[in-house]
Amino acid sequence: MTRESRAPLIVAIVLLLLPVLYVGSYFALVVRKPHFIPNPDGNWICSLDGYPTISGQVDHYRIFANHCSTLYWPLEEFDRKLWPDAWEVRMPDRESVTGVSERPEALTP
């Protein structure tokens, strides 16, 4: 009596799990609306989860932004079409974040 191989079943399960892992890892790495923190020299730094990005640019992924933008390009395009408002990046004005106006009020005698 011979046993049937379970290899086809294992391969089928792995192949069915790959798309789930792909989409799950996309949602774990993507940051649709990054935060901006003021820099002492007056510029803004893009911040993901409270940590400034190394490049200083707006990155939408927590790690390996260049590689992730290539790897997840199809999902990101679909995501941008589904929720365009979530992807809108606006630079805040300094006063709303720090409470300090960029232009000081004129002093009256």
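A: Asp79 is buried, because its relative accessibility is 2% (buried is under 20% relative accessible area, exposed over 50%, partly exposed in between, with a 1.4 Å probe and protein chains only). The model is predicted, so local features need pLDDT of at least 70 and side-chain atom pairs pLDDT 80 or more, while totals for chains, interfaces and linings use all residues. Residues are numbered from 1 along each chain as its sequence is written, and side-chain values use heavy atoms, without hydrogens or water.

Asp79 sits in helix H3, residues 73-82 (helices, H or I, have at least four residues and strands, E, at least two; both are DSSP runs numbered from the N terminus). Leaving out residues up to four places away in sequence, Asp79 touches Tyr26, Arg32 and Trp87 (contact means heavy atoms within 4.5 Å).

Follow Tyr26 next. Tyr26 is buried, at 1% relative accessible area. Tyr26 and Trp87 both belong to the largest nonpolar core, which has eight residues (a core joins buried Ala, Val, Leu, Ile, Met, Phe, Trp, Tyr and Cys through side-chain atoms within 4.5 Å). In soluble globular proteins, nonpolar side chains tend to be buried together.

Now the rings. The whole structure holds five aromatic pairs (ring centres of Phe, Tyr or Trp, the last by its six-membered ring, lie within 6.5 Å; planes under 30 degrees apart are stacked, over 60 edge-to-face, the rest tilted). Phe27 is partly exposed, at 43% relative accessible area. Tyr26 also pairs edge-to-face with Tyr61, at 6.4 Å centre to centre and 65° between the planes. That pair links distant parts of the chain, 35 residues apart. Tyr26 is in helix H1, and Tyr61 is in the loop between strand E3 (51-52) and helix H2 (65-71). Tyr61 is buried too, at 3% relative accessibility.

Tyr22, Tyr26, Phe27, Tyr61 and Tyr72 form one aromatic cluster. Beyond its neighbours within four places in sequence, Tyr72 contacts Tyr22, Ser25, Tyr26, Leu29 and Tyr61.

Helix H1 spans residues 7-29, and Leu21 lies in it. Leu21 is exposed, because its relative accessibility is 57%.
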